[in-house]
Amino acid sequence: MVTLPGLHLRQTHNLAMTPQLRLAIRLLQMTSAEIEALVEEELERNPFLVREEPDATAAQEDPANRSTDEVTASQEDASLDTTFAQEAAAGGFDDTYSEDGSPQDWRQRYDDDDRDVAAHTPSLAERLDEQLRLTPVFTDAERLIGYTLIEHLDSAGRLDTSPDMIARELGISLAAVENVRQIMMLFEPAGLFACSLSECLRAQLNAKDRLSPEMTILLDNLDMVARKDYPALRRLCGVDETDFATMLTELRHLDPKPGFEVISPDASSRIADVFVRRSPDGEWTVQINENTLPHLYLDQALLHRTRTASLSSDRPFIQNQMHHATWLLRSIEQRTKTLLRVSTEIIRHQNEFLCSGASFLAPLTMKTIADNTGLHESTISRITSGKYIATPQGLFELKYFFTSRIGSIHLSKQHSSEAVRYKIQKMISQETSASILSDDEIVQNLRKEGIDIARRTVTKYRDSLHIANSMQRKREKAASA
């Protein structure tokens, strides 16, 4: 057998994802706050984009009359309904790259560098440095020990090493380190610089002048608290049930991680992108929240001037900016239409939920919405990501309405997993100390309502709701009675 080199031609179809198409796909899954940030960035760098003011009377471009010659033919035909596989084949739509050349999440562009410096909040270390500097009892040598202790704090506010190791690191005695540490444990917030959880909680109680001998015994036996071995622990503390319940309540109000800080204090708030209202004829209507949409238009006067009086060297820049602005307007408009279309279809399936609440949430999948709207499941996933809808039952993310189906005893009625989860939570919330429901009893109650569910499924749902088992709930009820 002889192997020889050769040349062959092959035709293949690949999706060419232009930067504009990537932007349009990205817009689909952006929240309103992220779109607002993007629009602000575009307004700064694109002279053809103008934000519509409330009292503006300037000529606004009508999307229906937008000239089609401003968009290339390939852009006109490009569809946003691409699958994740097509994205992967086209290299994804992350249009930013890190310093080492690897793809970078576009959201990282809005990280620390773009935040308002004036809104800086002092970190825990900065606040402790300030308290250490303003404590008059410390000498310069003791302040050096204090700065070292601050450097050894972990995210929970406890020391990540022993005081003995810090003493060796500084070449001083353990007593000198302990002297500074005991004073700094009174800094705000109380409980920092502890070597263990019990020491942390003891310092917080001491700061409140609530450290009694009984609480000391309780803190020395936190393992029994974790096991909820309350009867033995109450006998050990030598208190009656009322005092023991008060001690447990006080213990629960302490902070086991006084050094924990929220990483993002400016966490985004939830804003309704869509409203659902009942019309006078009794039908549910879906409306876009216009306040979350950026109102932009093309500056036609500037466009006319640049077309007639620009230098030939400037025309590529002008064409590029004009195309980009036009595509951005079209993409935002298309996102709005898609969001309204998908939201309307979801609400059409959840009429009973709107009238009666979570117990009547119908099972629904993205595939069902995709089949009814003619869109791809990936588009449904993007447009429902991070979007919220205001309903008579409250504010929900659109993805909340996608829930799997649970077997039913009666074939005429279907039950969703989210509705069953809600029923389980409601049953347990109505328990008394004399009527704690086991998982088997919950199964029986659900079957009376026509829901065919296994005990292990009830256990799985209960765990997902962070609800303890019946034995633990019974102990807690007895302790708090």
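Q: Before we dig in, what am I looking at?
A: A predicted model, where local features need pLDDT of at least 70, side-chain atom pairs count only at pLDDT 80 or more, and totals for chains, interfaces and linings use all residues. Residues are numbered from 1 along each chain as its sequence is written, and side-chain values use heavy atoms, with hydrogens and water left out.

Q: Ok, how many helices and strands are in the chain?
A: The chain has 22 helices and 10 strands. Those are DSSP runs numbered from the N terminus, helices being H or I with at least four residues and strands E with at least two.

Q: And how much of the chain is buried?
A: Of the 481 residues, 41% are buried. Buried is under 20% relative accessible area, exposed is over 50%, and partly exposed is in between (1.4 Å probe, protein chains only).

Q: What about the surface of the chain?
A: The accessible surface is about 27900 Å², and carbon and sulfur atoms hold 51% of that. Areas are from the Shrake-Rupley method with a 1.4 Å probe, and for residues only the protein chains shown count as cover.

Q: Let's move to helices. How do α5 and α6 cross?
A: The axes of α5 (residues 124-133) and α6 come within 10 Å and cross at roughly 165°. So α5 is roughly antiparallel to α6. Axes are lines fitted to C-alpha atoms, for helices over the stretch in contact, with angles from 0 to 180 degrees between N-to-C directions. Under 35 degrees is roughly parallel, over 145 roughly antiparallel, 65 to 115 roughly perpendicular, and the rest oblique.

Q: Which residues make that contact between α5 and α6?
A: On α5 they are A125, L128, D129, L132 and R133, and on α6 they are R143, G146, Y147 and I150. Contact here is heavy atoms within 4.5 Å. The set splits into five nonpolar, one polar and three charged.

Q: How does α6 sit against α7?
A: Their axes come within 11 Å and cross at roughly 125°, with α7 spanning residues 163-170. That makes α6 oblique to α7. I145, T148 and L149 of α6 meet I166, E169 and L170 of α7.

Q: Zoom in on T148: buried or exposed?
A: T148 is buried, at 6% relative accessibility. Its place is in α6, which covers residues 140-151. Beyond its neighbours within four places in sequence, T148 is in contact with I166, E169 and L170.

Q: Switching to the backbone, where is the cis peptide bond?
A: It joins E188 and P189, with omega about -5°. P189 is in the loop between α8 (174-184) and α9 (197-207).

Q: What's the phi of D209?
A: D209 has phi near 60°, positive in a residue other than glycine. D209 lies in the loop between α9 and α10 (213-220), and it is exposed at 68% relative accessible area.

Q: And K228, what is its phi?
A: K228 has phi near 55°, again a positive value in a residue other than glycine. K228 is in the loop between α11 (222-226) and α12 (230-237), and is buried at 18% relative accessible area.

Q: Why flag these backbone spots?
A: Because most residues other than glycine have a negative phi, and most peptide bonds are trans.

Key: Nonpolar A, V, L, I, M, F, W, Y, C, P; charged D, E, K, R; others polar.
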